[in-house]
Every structure is written in structure tokens, then in C-alpha cells.
Amino acid sequence: MISISWCKNLLARHPVLNVLVLAAVFNLFCAALVYDERGKASDQARSAASNLVASVSRDISRNIEIIDLTIQKVIDRVNQPGFTELGSDLQRQLLFDQVATAQYFAAIAVVDENGRLRYHSRFTDPNIINVAKLQYFSVHRDRPDVGLYVSLPIKSPVGLGWGLVFSRRLSHPDGRFAGIAYVGLGLDYFTDLFRRMDLGRNGSMSLMRADRKLLVREPFDEKHLGTDVSGAEIYRYYPQQRSGSYEASSSPIDGVPRLYTFTQIGDFPLTISVGRSLQDVYAAWWNRALTIGAIVLVLTGAMIALALSLRREFRRRKAAHREALHNEALFRGAMKGAGIGTALLRLDETVFKVNPAFCRLFGFTEEEMLSRTAADLTHPDDAPPDDGALLRGETDFAATERRFVRKDGTEVWVLRSSSLVRDEAGRPTYLIVQFQDITARREAEERLRYNATHDDLTGLLNRSAFEQKLEEALAESRDTGIRHVLAFVDLDRLKIINDSAGHVAGDALLRGVAGALPNFLREGDVIGRLGGDEFGIILHGCSLDDATVILEDLNTAASAIQFPWEDRSYSVGASIGVTEITPSISSPSAVLAQADVACLTAKMAGRNRVSIYRPEQSEAVDRHREIAVAAGIKLTIEEGRLRLFAQRIVACVGTIQERYEILVRMVDKDGTIIPPSVFIPAAERYDLIGAIDRWVVQEALTMIGRAGGLDRHTRIHLNLSAASIGDASFVAHVIEVLEDTGVASEILVFEITETALVSNMAVAAATVGRLREMGCQIALDDFGAGLSSFNYLRQFPVDIVKIDGSFVHNMTTNAVDLYIVKSIHQIAKELGAQTVAEFVEDQATFDLVSSMGITFAQGYAIHRPEPFEEIMVDHEIRAEA
């Protein structure tokens, strides 16, 4: 207790010591921070490496399982009664034509008990190979219980390169050794797989056998194949731990220090390890440590300098104690706001004292400000501040936000706060005025105002601001009679770019087009983004003829734009609708509708052109467009130009269950893929959507049946329209197709939307009930997009709730969308329904929905839609394996 009191007194008597103690504490804190950062860098590297090694392990395990199934299928065929009595060609066909093959299979073969070749997938000469002296043959001959055996790397004697041999024993009915069946897997499979992984500089990836022999390693070197790596540090942990991470000061192969992460591959006697160079692991941490060290050094020096300065200052103050007391009394009120510029003004508002913060704020020294007035700093476009109300006693305090000019001529926004000091008799003596820099806040407010009126992606006016400009142009036309022109610009083929190259490419193209369009307009014309790939242009005081010339030039330029992305180059055109803004127009929405009709006319005429609105075209063009599209749909169905695509839906955690949502695309006569947004609305209006639904059910189940069905864990999602839900015969159609194709009804999940439900509630309830009775699941699609979404959960028992992508897309940056997604998931969970997060576009969104416990995720970050036929081919291959 006495020592603590003594320390406090010592620090109080010696302020310089306070600074030195603070410097020491600061250095200790920074050292602890650097040490903690190193731990975080290690944890992040271990986590990333664990994900990588798990991914590679799953891939290798899956392929070894396929190889083992292939070997067992060959053995079963060889052991079938009567197989040896068949012709050699038929034997080879039965053995090799229907077993799983893969890109890296070097060979599939069967040898007899003497090591002589009986069957080989690549050669027919039985004398070309004898494996009697090879280890994998002798292992099976001497050890009947060995199971699947993995050989050391072997270089093929017949020119098939390096590979591993996976083998199983063949036995006579009495148990005697009858030979082996094996599959040779090229080492190219492993080296290609490893090279696709991001290992960083001096990284490595190794595959080892349970007997501690190295099978393959990246970087690849033949001399290391089969090396005994018993001395590697991994065997301090494995096999006691199936997986883990550790730092090794040196590699037994190349001596490079690395952070290693390892795991056993399934239940196979193989271990995979990934090594990241410690130099890479700690590179960012080392840079931060150097930065922090430099900062600590500078700040410590500053603190020491401050301590020395304080020492000199204390000595000076002792010599000028009386003057300091006088100055302290003078500034007691002015210095209440420490760090805020403060000036003391005489009653005529001339300056007689300023503090250092004032000098830093405006750039003037105290001597330069003496006898000036604060009004001298006022911006020339503004009136000087008025303190008359204070001087007259009408108020005790005044505050205003004003612009001032610094000594260097730059502008600064300040909050000017003034108060009047009176003497003991109540007479005014001087003014205390404080100046707080609010430039950053004003700039932030200006940015907010800008963001409220401009599109985030392109920087153009957003739809709300553009419609305001359109309303102003319409009001001007009514007041003055001046006519303007409105153009509605819709980019052609952007959807194709989005589907083929992704939304990142589409967004980049939109930014480029948005930056180019203003170059073809006149000064004073207005351009804005109305949404998606649609833009609006207001040509002020422009005739239709002049506007047409300007817009034709703009359209020609847009068509000439070549947009390079990765290894391809894309081009877009524009369909432009033009209408005149006249005093007779009733509202902005009316003139926008006219421009939209003209734009549709341009599209119907073949796209990439300018179309002028004619009053007689409005509804007639609209109806004609939809009729033409509807006729095209009928012809498409008749000519078989509908195609099925599918997008994978993955489990966020745990289960390996596969799900696919079936999507329909229309193929134009020239082979162009037409997205649903173009033909589905017309199909719904002219009662063609039911036929499309039936076609999708028939085609999807036929493909599944042709492939031999699907794994019982796989689920297929099919979208149902309002027309099909309201069709009492639709369920009977589904039953008929299921019986014809032999597909189990339990694999089907029917997705319905709020719109489909509301169209006919009674029939919808009956249809949903019958589908559930058949064993099909029901998913409520686009949940949350409508106002009545939660109400339907009360009326319809559903198995899955698909959260609308408009909420999921922004949930990493928008707190409101995040809370909505959480609420939907919680409600669905309480009702016993699983959840799907739609529109998952990046890894950050996937990680977030996974952490929330959402069951499944769907979006471009997981899988881009691909032809369903190709997916079924993959399933067919796996089923045969």
C-alpha cells in the first residue's frame, strides 16, 4: 500500500516520468498486438489449408471408390458362370465396355495365378505383360485378406507413363489364388489435380501410403517417387490423428520450412498433405509487424521528444508563473473545447487572441490574426457572420454552419459557435467564438445526397431522380410550350453475356456503356439508368428529327462497342424508343410508357434500331408483340426447340444430398438461347404455360428414366405455374408420366410461387395436397417477395421455403436484408420446413447463410445452369461405376 502511494506521488511530481511510463506501456501493448496478429495469420492459413486438403481428399477418395467399384465389377464378370466359354471379343466387351472409365485410367486388366495377362483394356496380346515379379501381384498371392491394394509408383513397360496400380485378388471357388484384377491410374491425375490448387510460392502437396512411402508429390520429381518419408514430422501426429496441422522447420524432400495440413483419404491407407511456405503464411503479418514497429518507433520517439519538451516547458513556466496565471484567467472560458479553434473578439469583432487549434484550422499565425476580424475569413460568396443578437442581449449563444477560406485559399466548412462574456457589472467585455471543422461531415452529407439520386453501378441518375427530371421537363413544356424528346434505350443481348460470362462481366459492360453514352449527347441533356439494362435520355429543346439523328449516331456507336472479357469479346446493340414531350402529356409515367412501346417496336423489328412512337401504336403494338411471341412458343413446342437446363442446390453443411432445379429455355431458329423472362409472360397471358409445364415434367422424367433413375438421396425441383396448380388434371398427368418412366415420386420437389397460389386458392390447396400424398415435396418459391408470403405458410403445409434472392443478394452489406433472411429462416425452422437461400453470388454470402443454419444454397457462386442432359450423363456414368 505504501509503495503504491509512493509511485503515485512520484508520477505526480514528475510529469515527464508519466510520458516515459506511457511509452513503455504502449510498446508492450504493440508487442502483444504483433504477437496476436501472428497467431491470427497462422489460424487463417491453417483454416484455408484445411479446406484445400479436404477438397482434394474428397476428390481423390471419390475416384478411388470409382476405381474399386470398377475392379469389383470386372471380378464379378470374370467369376460369372459360363464367362470363360464366351468368345474373346464378347468377353472383352462385357469386361470393359460397360465399366466406369475415366480420363486418367491407364489400363484395366486381369492376370492369372502365374502373372500372365488374361484380359487388358488396351491390348489383346496376352504375352505383352507379365506381372508375376511385381509387388502388388505377390502381395495378393501371399496375403488373401489384403483387400484393395495400392502400389508404389510404377513406370509402364508399354509406354503408358508413370502410374499407381489399384488391385484386388481373384480366387478359385475353393479359395486358391487365381490371379488379380487391377486398374492403372496415371500419375497425371494427381499432378494435374495438385497443380490446380493454389499452393503459393514454394508450396507442396504430397500423397503418401500407410507404410510411409511417397506416392506422388507436387512439385513433381521422378526421383522422389516411392521415397521413404518416415523421418517427416507428419508421423509425430499421424496415424494417432487422422487430420491436423503443424509447422515444420524443414522438409525432408527440399528443406523448405512450411505449415503442413494433412488428412487421411477416406478409409483408404493413404494420407494427403498440403504444405504452405512459412514465408507465404507470415508475409502479410511480417509487413504489418514492420509497419507497427515503425509506428511504435516514431511514436516512442515522439513521446521522448514530448517528455523533453515538457521538461523545458515546466522550467519555462516556473520562470513565468505570474504571466501564466494571467493568461490562464484570460483563456479559462475560451479553452473549454480543447482542440477546437477558438478566438477572442473585441466588441468591434477584431481578434485579440486565438488558440493553436484556430491557427492550424485556418493556417494563420496568431500574430497575423491580431487586429483582424473573423469576418475577414468569410467566403466571398457568403455574407459575414452577424453577432448583433448577442451584443443586443437578445440571446446568450449563437451557432451557424458557414464556409470560410483558409490562408492557402482552400474552403473549409465550420460550425461557428459564439457567446458573449460580461464583467461583474453585466457589461459586455468580449466575444468567445469557436470554430469546429465539419468539412468531412458536409462532404459525407453531399455523398449521401448524391447516392440518393445516382445509380451505384453506373454513376448515372437513378430512376427516381430521372423521373424527377422528366417531370420538370414536362412542367417546362406545359409552361412555355417548348417541346423535348424522351428516349428509352434497352441494351440487346446483355442477358446472354450475364448467362455466359456472369453478372460481373455484365456489370462491367453496363459501366462501360454508361460512361460512353453521354459523349454522344449535347450539353444539358439528361441521361439516367432506369433499371437492369434500360436507360432513359431527355433531349431538352430538341425536335424529333434532330433527336433521331443524335440517337442513330448513339446507336451506331453502341453497336460498334467491343467488350473484351477473359478470352472472349462481346458486342451489344441497343433498341431505342423515342417519343416527344409535349404540353398534352398527362404524366411522366405516360410519356415513359410511350417510349417503352416504341422501344418494344424496335425490338420486334429486329433490335438494334431507333423507333419513333406513333400514338396509334401504343396498345396495338403491345398486343401484336405478345401474340407474335405466343405464336413462336407454339411453334417452338411443336418443333422441339425447348431445352432443359438445371442448377445445383447444395447443402450448406453436413448432408451430401444432391438437388437440381430444372429450368426451361427456348431456342430460336438461329440457335440463340432465349431466357424465360422473354417468353414466359406471353405464355402465361395466352394460356400456353400449362403446356410448357407438362412438357418439362415429361422431358425431365424421361431423361431420368432413360438414365436408369437417380440415387434415392437426389431431389429434382420442378416449377409449377398458376395454370398447372389450377388444373385438376395436372396431378393425373404427373402420375401417368411417373408410371411410364419408372421414376420414384419421392425425388420430386414442386416449386410454387405466391402468385400461383393466389390465383385459385381452393384448387391450389387440392393440387398441393394430392402431390404431397404421392410423396412429392412442396417448396414455396421467392418467399418474402410478396406481401402475403407469411400468410401462405398458415394455409399450405410446405417442406421447403426458398428465400427470395433479392434479400440474399445484399445481405452481406444490408443489415435490413440480413434480418429479413434470418427471420424467414427462423419461422420456417419453427414450422419444420427446410430453407434454401437463392441468388448466392459469392463465397462471403455462402459462408454467411451457412453460419445462420440455412439448409441449402443456390446461385452462381455454387453452380451455373448447364444442360440437364449433360448432368444426367454424369449420373449415368457414376451409376455404372
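The structure, a predicted model, holds 16 aromatic pairs. Rings of Phe, Tyr and Trp (its six-membered ring) pair if their centres lie within 6.5 Å; planes under 30 degrees apart count as stacked, over 60 as edge-to-face and the rest as tilted. The pair of Phe358 and Phe362 is tilted, because the ring centres are 4.8 Å apart and the planes stand at 50°. Both residues lie in helix 9 (residues 356-362), 4 residues apart, about one turn of the helix. Helices (H or I, at least four residues) and strands (E, at least two) are DSSP runs, numbered from the N terminus. Phe358 and Phe362 are both buried, that is, under 20% relative accessible area, with exposed over 50% and partly exposed in between (1.4 Å probe, protein chains only).

The pair of Phe404 and Phe435 is edge-to-face, because the planes meet at 90°, with centres 5.7 Å apart. This pair links distant parts of the chain. Phe404 belongs to strand 14 (residues 397-405) and Phe435 to strand 16 (residues 428-437), 31 residues apart. Phe404 is buried at 0% relative accessible area. Phe435 is buried too, at 1%. Elsewhere, ring pairs join Tyr237, Tyr238, Tyr246, Tyr260 and Phe262 into a cluster.

Overall, the chain has 29 helices and 33 strands. Of its 881 residues, 45% count as buried. In helix 19 (residues 676-685), Phe679, Ile680, Ala682 and Ala683 are buried.

Residues are numbered from 1 along each chain as its sequence is written. Local features need pLDDT of at least 70 and side-chain atom pairs pLDDT 80 or more, while totals for chains, interfaces and linings use all residues, and side-chain values use heavy atoms, without hydrogens or water.
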